[in-house]
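This report describes charged side-chain pairs and their surroundings.

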Amino acid sequence: MHVTVDVKGEATHELDLEAVPTTDATTGEPTYADLLREIDLSPHEVSVLVDGRPVPEDQPVESDHLTVLRLIKGGEQ
């Protein structure tokens with residue numbers, strides 16, 4: 001499955017879910033946190049939304065489109 005990750009105010013990423021390494025030994029399926037790692041984001045600095053609703057980052061990916069909102073961004077220099 002191909003997944004579109006829309007980081008609001010930044011880039012949109014297209015990922016092949018089968019190519020994403022997983023850290024979930026229970027299911028062996030990539031989680032939302034695994035997708036975030038692929039685009040160099042930490043689950044601690046963003047919220048993941050599916051259909052406008054937050055999803056837990058440790059949940060297996062079940063949607064082909066998600067929105068990422070940054071909660072923390074670097075300060076001004």
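Helices (H or I, at least four residues) and strands (E, at least two) are DSSP runs, numbered from the N terminus. The model is predicted: local features need pLDDT of at least 70 and side-chain atom pairs pLDDT 80 or more, while totals for chains, interfaces and linings use all residues. Residues are numbered from 1 along each chain as its sequence is written, and side-chain values use heavy atoms, leaving out hydrogens and water.

The structure holds four salt bridges (a side-chain nitrogen of Lys or Arg within 4 Å of a carboxyl oxygen of Asp or Glu). The table includes three of these pairs.

| Pair | Closest N to O distance |
|---|---|
| Arginine 37 and aspartate 34 | 2.6 Å |
| Arginine 70 and glutamate 45 | 3.3 Å |

Arginine 70 belongs to strand E5 (residues 65-70) and glutamate 45 to the loop between H1 and strand E3 (46-50), so their pairing ties together parts 25 residues apart in sequence. Through shared partners, salt bridges join Glu10, Glu45 and Arg70 into one network.

Arginine 37 and aspartate 34 both lie in helix H1, three residues apart, about one turn of the helix. Aspartate 34 is buried at 1% relative accessibility, whereas arginine 37 is partly exposed at 40% (buried means under 20% relative accessible area, exposed over 50%, partly exposed in between; 1.4 Å probe, protein chains only). The side chain of aspartate 34 also makes a polar contact of 3.1 Å with that of threonine 22 (a pair of N or O atoms within 3.5 Å; within protein, one must be able to donate a hydrogen and the other to accept it, and residues adjacent in sequence count only if both atoms are side-chain atoms).
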